[in-house]
Amino acid sequence: MIEIPNRDKFPSFAQNHAASGEKGVSAACDSYKLGRSTNTASILLLGMTGAGKSHTINNLFSKVITPVGDGVSCTKDIMEFTIQMPSQNLGISNAKIEVIDTPGFGDTEDGLEFDARVLANIDRLFESKQYKPNFIILTVNINDKRLDGKVAPFVQLLLSLKMLLGKNVLDTTNSNLVVVLTHLCGAIPKLQRDPSPKKLLVQKIVHENLGIPNVPVEVVENCFEDYELEKKGDYFILPNKEYFPRNLYQSMVGIAQTVDPVGHGIVNEAYPKLQSGNFPILEQEYPIVKVTASDIIINDIMRMKISTHTELGDNLSQGWNQLSQTERDLCRMKPTEFSHKLSVLGYKTRSDLPKTKKDIIVFFRELSPDKGMEALLRKSLGLEAPNFTVDLYIGRAYELTKDRVESSVVLSPGTLVLSNVGCYMPEYVVASCCPEVKFTCNIAHTAQEMRQQRLKELKIQVSSGTSGLIFGHRDGYNIFSQGSNNTFTAVYEKRILKLEIRHNAPISQELTSVLRNLPT
């Protein structure tokens, strides 16, 4: 084994060791010529907010390398995680893996200028490293309906990558890019079984905008435990019968195999090691700062992204003048940037605005406005998010012994706030979009067996004496077969929202009265 220096000192080192016969020197030479690191497998994570960059890399190596968020970008700076990984196969004693996590793009909370500055900082980081990453993992939610088209966020991101990262990061000749379509199990059943049409569409979009033909596109499921995916060995079997994370690993080593021996060798060797062993992870933070040398390019990106004059832009400017100073201070977007955001989402004129309650909810979900933006939308466009009036049994009592929801209310509505799903809900309810389709079926041969199945479904553990629990026929769930005591239970659920209640939820007056009247 031999210690290989970084790129800046490698040329003189290679001259002195050219005749040594060390295989690590030969591999480092090939990767050096390609513009890659001489001793490091560098993995850069990019993607839209909430697409699951961190989940993807953690699942790849079966190890928590980067922190994860819940539909929002939890990474506000560039984070570098380094794992020392001496390579026996390459003969490089100081080989290592570095994972560089970045803030998600398209986060309305941070805005377009922040996205541009993130790209400028990524470019500066790799310029200082003097090499391009061996692998760029670009994550996209497979359920994103707006992938194609000039103003689609994914296309805008690709064009931004080409403009700002084309010199020091992205390699369009010997491609270092792998696109990952996440959240497969949340897609419609047809797409789950056969995601190839979406894969081909992404390949087409990447080719048109980056000039990279046949870019590898893989599908993954970030929350495999939630869907109880079948496991075979160390791999999860996806609905399309592919093995995850093996499919992603194979694409990564595939793009490096013939041209980048250092990147290929380290990842190929590290993949099983990281899954089975514990290795210390060194963490380095790179705050997002203003990059003066890239200001011109940043302005170009901003001009590329910001749409020209629109009717809604005029309306927003007029509404801005009607806001109080307090409301203006609460707005994270000024009218010009807000107008661009609407334009990207396809809203340019008043005729494009949502008309039905369902469409208005989608509109507010896409925008995720703060209180200042709520006021601006109300005064300039006459739009306001609706209250969530559908009875979801939130705060209702549940009669466990009869397996049904009761009419009594245990929680009071409290203060309503705009949730991130696009409508007003009680402030103690945490709502998140959770699109999924789930089908389950069971056959119970006895009443006791039916009770046990229902208790398991409710995730309730009780003692063996369950005779007091009346789990009988439920309309819409149980289908009784004729001529036998068997009960066939079939449930097809299309889930839309996930609602969780915080511990500080206010108790209703009704429950308070009931509790006070309990015998002492």
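**Reading buried faces, contacts and packing**

Mentor: Helix 1 (10-16) and helix 9 (261-276) are among the elements that cover the buried residues of helix 2. Please bear in mind that this is a predicted model.

Trainee: Which residues of helix 2 are buried?

Mentor: In helix 2, which spans residues 23-33, the buried residues are Gly24, Val25, Ala27, Ala28 and Ser31. They span an arc of only 165° around the axis, so they sit on the same side of helix 2.

Trainee: Why do residues three or four places apart point the same way in an α-helix?

Mentor: An α-helix has 3.6 residues a turn, so residues at that spacing point the same way.

Trainee: Which residues with positive phi follow helix 2 and helix 16?

Mentor: After helix 2 comes Gly35, with a positive phi near 90°. After helix 16 comes Lys459, with a positive phi near 60°.

Trainee: Where does Lys132 lie, and is Lys132 buried or exposed?

Mentor: Lys132 is in the loop between helix 4 (112-129) and strand 4 (135-141). With 17% relative accessibility, Lys132 counts as buried. Among the residues that Lys132 touches, not counting those up to four places away in sequence, are Gly35, Arg36, Phe126, Asp171 and Asn176.

Trainee: What does the fold do to distance along the chain, for instance for Lys132 and Leu165?

Mentor: One compares separation in sequence with separation in space. Lys132 and Leu165 are 33 residues apart in sequence and 9.8 Å apart in space, C-alpha to C-alpha. Met333, in the loop between helix 12 (325-330) and helix 13, is buried at 3% relative accessibility. The C-alpha atoms of Met333 and Met373 are 7.5 Å apart, although 40 residues separate the two along the chain.

Trainee: What of Arg350: where is Arg350 found, and what does its side chain approach?

Mentor: Arg350 is found in the loop between helix 13 (335-344) and helix 14 (357-367). Arg350 is partly exposed, with a relative accessible area of 37%. A polar atom of the Arg350 side chain lies 2.8 Å from the backbone oxygen of Ser380. Beyond four places in sequence, Arg350 touches Glu311, Leu312, Asn315, Lys355, Ser380 and Leu381.

Trainee: Finally, how do helix 11 and helix 13 pack?

Mentor: One considers the angle, the axis distance and the residues that meet. Helix 11 (residues 311-322) and helix 13 pack at about 145°, with axes 9 Å apart. The crossing is right-handed. From helix 11, Leu312, Gly313, Leu316, Ser317 and Trp320 meet Pro335, Phe338, Ser339 and Leu342 of helix 13. By class, this contact holds six nonpolar, three polar and no charged residues.

Key:
Residues numbered from 1 in each chain as written. Predicted model: local features only at pLDDT ≥ 70, side-chain atom pairs only at ≥ 80, totals over all residues. Heavy atoms only, no water. Helix = DSSP H or I, 4+ residues; strand = E, 2+ residues; numbered from the N terminus. Buried < 20%, exposed > 50% of the residue type's maximum accessible area, 1.4 Å probe, protein only. Contact = heavy atoms within 4.5 Å. Polar contact = N/O pair within 3.5 Å; in protein donor to acceptor, adjacent residues only side chain to side chain. Axes fitted to C-alpha atoms, helices over the stretch in contact; angles between N-to-C directions. Left-handed = near helix turned anticlockwise from the far one by under 90°. Nonpolar A, V, L, I, M, F, W, Y, C, P; charged D, E, K, R; others polar. Arc of directions from axis to C-beta.
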